[in-house]
Structures are given as structure tokens and as C-alpha cells.
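Welcome! Please take a look at the model shown here, and then let us walk through some of its parts together.

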Amino acid sequence: MSLLEVKNIQTYYGQIQALKGVSLEVNEGEIVTLIGSNGAGKSTTLRTISGMNKPRRGEVIYQGKPIHRLPADQIVGLGIGHVPEGRRIFPRLTVEENLEIGAYLINDNKLVQERKERAFTLFPRLAERRTQKGGTLSGGEQQMLAIGRALMQDPKLLLMDEPSMGLAPVLVDFIFEIIQRLNKEGKTILLVEQNARLALEIASRGYVLQTGKLTLQGPATELAARPEIQEAYLGGH
Amino acid sequence: MSLTDLLSILPQTLLQGLLLGFVYAMVALGYTMVYGVLGLINFAHSEIFMIGAVAGLEVFRYLGKSGNPFVILLLAFVVAAVVSGIVAMLIERLAYRPLRRRGGKNVLVPLITAIGVSFLLQDLVRAIEALWHNEFNMQYPSYDSFNYDIFSAIGSPLGLILARTGLIVIVVSIVMLLALNYLVNRTKLGKAIRAVAQDMSTAGLMGINADTIISRTFLIGGALAGIAGVLFGLIYTNITPYSGFQPGIKAFTAAVLGGIGNIPGAVVGGLVLGELETLGGTYLGFLTRGNFGSEYAQVLAFLILILILLFRPQGLFGQNVSEKV
């Protein structure tokens with residue numbers, strides 16, 4: 001049984017249909033990537049899974065249970081962490097407070113402390129900046145904080161929306177190493193990326209989304225080899 | 001009056017201004033906190049304040065002759081805080097939340113609703129008091145032990161006079177402000193309130209139920225306003241169902257002055273406004289050679305509001321809107 005099953009979801013922003021029936025599956029322990037151009041509906045797919053948007057039709061099944069009617073604040077409690085597009089750090093909370101708020105559903109203070117230390121071990125840069133306000137961090141640091149914050153609740157499934165966006169190449173490599181490391185430590189990851197080459201390199205499977213519909217899917221190596229993918233998303237050589 | 005006369009009453013004027021300022025500050029906090037989480041000016045907040053004053057008065061009415069006045073005052077604070085807090089929460093639940101659910105983008109709708117709730121509460125209290133006690137003008141009690149001048153014992157330095165009630169206003173306000181500061185900056189609830197204020201949808205991803213947090217924010221702001229209502233009653237003694245309007249709108253001005261949404265700003269704004277109004281009341285006649293008397297002090301608050309909106313709309317401590325993203 002797959003960990004997450006998205007069945008034919010259709011999501012709207014007002015009158016505009018952003019997803020025209022998207023279905024995908026994520027198995028436990030996988031890295032699955034969702035690639036596609038701007039406005040294809042990648043973020044909307046993640047937002048529909050985490051409950052920020054509601055599908056008008058279709059289902060989201062997590063661990064065998066439908067979750068698409070639950071509000072976002074309950075879905076996170078089931079073990080789905082979302083690193084949102086644009087990081088969405090709380091700008092006037094400190095780094096430490098941002099992490100603590102990530103552990104909002106945990107009442108055991110000792111556990112929160114432990115997880116915070118774990119985040120600081122994963123991202124030593126954040127430890128140096130622990131009393132600084134989130135809004136004063138660089139883009140890369142904010143991305144680290146967004147990931148660290150999502151990990152505070154120790155999710156089983158991590159939805160990551162464009163973690164490489166706007167980062168220097170060195171930092172992109174670092175973030176991708178972190179993603180692989182988290183996966184090795186047992187996290188299942190659904191990764192949305194514009195950087196299709198890198199995403200397909202670390203993923204086991206991939207889906208290609210175009211204007212609200214899936215056009216291709218399959219093992220990541222096969223997708224990377226397909227001429228139309230190379231043409232459209234890998235800079236075509 | 002000579003200049004020395006005018007100077008000799010300055011310390012007392014500043015002290016009076018401080019008392020008024022603390023009351024404004026405590027009411028202003030409710031405006032600013034609700035604005036912080038919802039972006040809504042809760043104009044019904046002035047009635048929450050009035051209801052606190054009336055609730056405290058009822059405690060004195062029923063228990064006032066039966067024991068130590070200070071114990072009864074303590075009880076009045078508790079009752080006012082509870083009643084005002086619950087009324088504030090109910091307003092959110094019954095009036096603002098349904099509007100939020102419908103997801104309208106028009107900010108005027110909740111604003112007009114707030115004004116409507118404000119009128120409704122004024123006349124509801126008026127009806128209740130008329131039926132219950134056949135009263136419109138209500139008097140806070142005056143005990144000798146309340147009015148005792150605490151400075152008389154140390155020889156009235158600088159000619160200062162401060163009734164015990166005045167001291168109570170200062171102490172209670174400071175205690176409440178410190179408590180609020182602790183709550184907002186050190187507790188989990190406080191962190192959640194700030195997170196919701198900064199980014200409501202991302203707060204949901206953290207597992208925070210925004211409705212719960214908004215409700216608690218109304219409760220806290222309402223309780224502070226209720227206590228401020230009792231303090232106001234202690235200073236001015238006469239309360240009517242319409243007593244909330246003027247202090248309410250001035251507290252709102254104080255919140256804008258400090259930068260709406262900013263908690264320390266509301267406190268500073270309240271204190272500045274209290275001082276300006278009291279100083280104006282004392283000195284305006286002299287400064288304008290009698291052309292404008294102390295009655296114009298009331299206008300000062302609104303003059304200040306207009307000036308802020310013209311020259312520094314984000315207020316003294318306001319963040320630039322762009323930072324809120």
C-alpha cells in the first residue's frame with residue numbers, strides 16, 4: 001500500500017481551475033519528484049495535499065485514510081510536513097521561535113529541545129543565528145530554517161516546494177544533500193522542483209505536470225532520458 | 001496665572017496624565033492585538049471596555065457594603081475581566097467569524113459590522129440597566145480608604161496628590177502590562193498569536209488552529225479592556241452605557257499613534273495620548289490666551305490622529321507594511 005495516494009484531484013482558485021485531475025502515488029521511503037514549468041500546478045498539488053487548498057473533486061488518501069476534507073492544522077498532525085514555496089518563515093519570530101512553533105503540536109518540552117538541537121546539528125548556520133529574527137536571514141538560511149521547522153514535528157512524509165529556488169549553486173547542492181540524507185534516515189519525500197535535472201538525479205520516480213494535468217510519469221532515470229523532457233526541462237542538449 | 005503657578009501644577013498634571021494614559025494603553029492593546037491577527041479595527045472594543053466598567057460596578061452595588069473595599073475591588077477586577085473577555089470572544093464567534101468563513105474580500109463589511117455591534121451593545125447595556133436598576137447614570141462608590149492621599153504621609157513633595165485609587169491604577173496597569181508581555185513573548189500561546197499575526201496560512205501548516213488563536217486574542221484583549229473599565233470607573237466615578245465611546249476612540253488613536261499591530265507601540269501611544277490630553281486640558285487656555293479652554297483638550301486626540309495619518313501613517317513604532325508580506 002502506498003503512503004500517499006492522490007486520486008484525480010481538481011483544485012480551483014475562484015473560477016480558475018489549477019488542477020484538472022491529478023493522480024499520483026508516493027510509496028514509503030521514496031523520493032518522488034513533480035516537475036513542470038511555471039504555473040503548471042506543482043505548488044497547488046502540494047497545497048492540496050497539505051490542506052491549504054481544498055480540492056473540488058478527487059481524493060487525497062494518506063495511510064489508507066481520506067484527508068482532503070481535513071483542515072491544514074490537522075493534516076500536519078498526521079505526519080505530513082510541508083516546506084512551502086517561498087519558505088514562509090515567520091519574519092518577526094527568532095530562528096529559535098520559528099523552530100519551536102514548528103513543534104506546536106508537541107507538548108513534551110524535552111522532546112522539543114531535542115528536536116531543536118537536532119535541527120541545529122543538521123544546519124549549524126541556524127545555531128549561530130538562533131536569536132536572530134527570521135526576516136533578517138539570507139535566502140539559503142531561510143530555506144534551512146523552513147526545512148528545520150517542518151522537521152520539528154518529525155513528519156513521515158515531507159512535501160518540499162522548490163527548495164532550490166533563488167539559491168547559489170553551492171547552497172543548492174547542500175540542500176539536495178540534506179534531502180538525500182533525510183530520505184536515508186527514513187523520510188519519504190515529495191519534491192517539487194524547477195531544477196528538473198537535479199530533482200530527477202535524486203528521485204526514484206517522477207511526474208511531469210503541464211497546465212494542471214500529468215503528461216508523463218515513470219522512473220526518474222527513464223524520464224531524464226526522454227527527449228521531450230530534455231528539450232523542455234533539461235535545457236535540451 | 002503666572003508662569004510659576006503654571007509650573008507648580010505641572011507635576012500633578014503629569015501624574016494625572018499618567019493615570020489616564022495607562023487606561024488608554026490597556027484599551028489600546030485590545031485594538032492592536034485584534035488588528036494584528038485579523039487586520040480588523042474592532043470598533044466594538046470600546047463597548048467591551050464599558051461593559052467591564054459596568055460589571056465592576058455591579059460587584060460594588062451588590063457587595064460594596066459587606067466587607068473590605070479592597071477585597072471587593074479585587075473581585076470587581078476579576079468579574080470585569082471575565083465578563084468583558086467572554087463578551088469579546090462571543091462577538092468574534094457570532095459576528096466576525098461567520099463573515100470570515102464566507103471569505104469576502106471587502107474590508108468594509110467587518111468594519112461596519114463592528115460599528116453595528118458597538119451600537120447594539122450600548123443599547124443592550126442601557127436596556128439591561130434600565131430594567132434591572134432603573135438607572136442610566138451609574139456611580140462608582142467612594143470610600144475614604146480609596147480617597148486617602150498617599151503623598152500626605154510623606155509631606156506632599158512637589159505638591160503632589162495621589163489617591164490610593166490612583167496608585168491602584170498605576171500598579172494594576174503595570175502588572176497587567178508585564179503579564180501581557182510575558183504571555184506574548186514567552187508562552188506557547190503568545191508565539192502562536194504572533195505566528196498567526198505574521199502569516200495565518202503558514203501558521204496552519206504548523207498545526208495551529210487560527211480560529212482558536214483568534215478567539216484567545218479576543219479573550220485577552222477583552223479582559224484587559226474590562227480591567228481598564230474598572231480603573232476608569234475608579235478615576236471618573238460616573239459611568240453610563242455610552243461611556244465607552246470617547247475613551248475607546250482615544251485608545252484607538254493611541255494604537256494608531258504607536259503603530260497599529262505593535263504591542264509596545266500601543267502602550268507608548270496610550271501614555272503619550274493621556275499626557276497630551278491632560279496637559280492640554282490644563283494649559284490650553286493659558287497658551288491660547290483664553291481663546292481655547294480646557295474643553296478643547298478632547299479635540300487634541302483627534303487632531304493627533306489626523307496628523308499621524310498625514311505624516312506617519314505607520315505610527316511611531318509601526319513596521320512598514322511591505323515587511324508584513
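## A covered strand in chain A

Let us start with strand β8 of chain A, residues 157-161, where five of five residues are buried, so to speak mostly covered. Here a residue is buried if 20 or more other C-beta atoms lie within 10 Å of its own, exposed if 12 or fewer, and partly exposed in between, with C-beta atoms placed from the backbone. Strands (E, at least two residues) and helices (H or I, at least four residues) are DSSP runs, numbered from the N terminus. From β8(A), L157(A), L159(A) and D161(A) point one way, while L158(A) and M160(A) point the other way, and all are buried.

A word on the source: this is a predicted model, in which local features need pLDDT of at least 70 and side-chain atom pairs count only at pLDDT 80 or more, while totals for chains, interfaces and linings use all residues. Residues are numbered from 1 along each chain as its sequence is written, and chains are lettered from A and ligands numbered from 1 in the order in which they are written.

## The neighbours of β8(A)

Two strands pair if DSSP finds at least two bridges between them. Strand β7 of chain A (residues 80-83) runs parallel to β8(A), joined by four bridges, and H82(A) has L159(A) as its bridge partner. Strand β9 of chain A (residues 188-193) also runs parallel to β8(A), with five bridges between them; here D161(A) is partnered by V192(A). To get from β8(A) to β9(A), the chain passes through helix α7 of chain A (residues 169-184), in a right-handed β-α-β crossover. Right-handed means that, with the strands pointing away from the viewer, the path from the first strand over the helix to the second runs clockwise.

## The six-stranded sheet

These strands belong to an open sheet of six strands with mixed pairing, in the order β7-β8-β9-β4-β10-β11 of chain A. Its edge strands, β7 and β11 (213-219) of chain A, each pair on one side only. On average, neighbouring strands are turned by 15 degrees against each other, direction ignored. Axes are lines fitted to C-alpha atoms, for helices over the stretch in contact, and angles run from 0 to 180 degrees between N-to-C directions. Strand β10 of chain A (residues 205-210) pairs with β11(A) in the antiparallel sense over six bridges, and G206(A) stands opposite G218(A).

Helix α1 of chain A (residues 42-50) packs on this sheet, touching β4 (31-35), β7, β8, β9 and β10 of chain A, and its direction makes about 150 degrees with that of β8(A). Contact between two residues means that their C-beta atoms, placed from the backbone, lie within 7 Å. Helix α6 of chain A (residues 139-151) lies across β7 and β8 of chain A, at about 170 degrees to β7(A).

## Strand β1(A) and its partners

Elsewhere in chain A, strand β1 (residues 4-13) pairs in the antiparallel sense with strand β3 (residues 22-26) over four bridges, and V6(A) stands opposite L24(A). Six bridges join β1(A) to strand β5 of chain A (residues 55-62), again antiparallel, with Q10(A) and R57(A) as bridge partners.

β1(A) also pairs in the antiparallel sense with strand β2 of chain A (residues 16-17), over two bridges. Y13(A) stands opposite I16(A) there. Two residues lie between the strands of this hairpin, where G14(A) takes a positive phi near 65 degrees.

## Helices in chain B

Which residues of helix α8(B) are buried? They are K191(B), A192(B), I193(B), R194(B), A195(B), V196(B), A197(B) and Q198(B). Because eight of its 11 residues are buried, α8(B) (residues 188-198) is largely enclosed by the rest of the structure. Its cover includes α3 (95-102) of chain A, along with α2 (10-38), α7 (164-186), α9 (200-205) and α10 (210-236) of chain B.

Helices α3 (residues 45-63) and α4 (residues 69-101) of chain B pack at an angle of about 140 degrees, with their axes 8 Å apart.

## Where the chains meet

Chain A gives 22 residues to the contact and chain B gives 15 residues. On the chain A side, α3(A) gives the most, with four residues.
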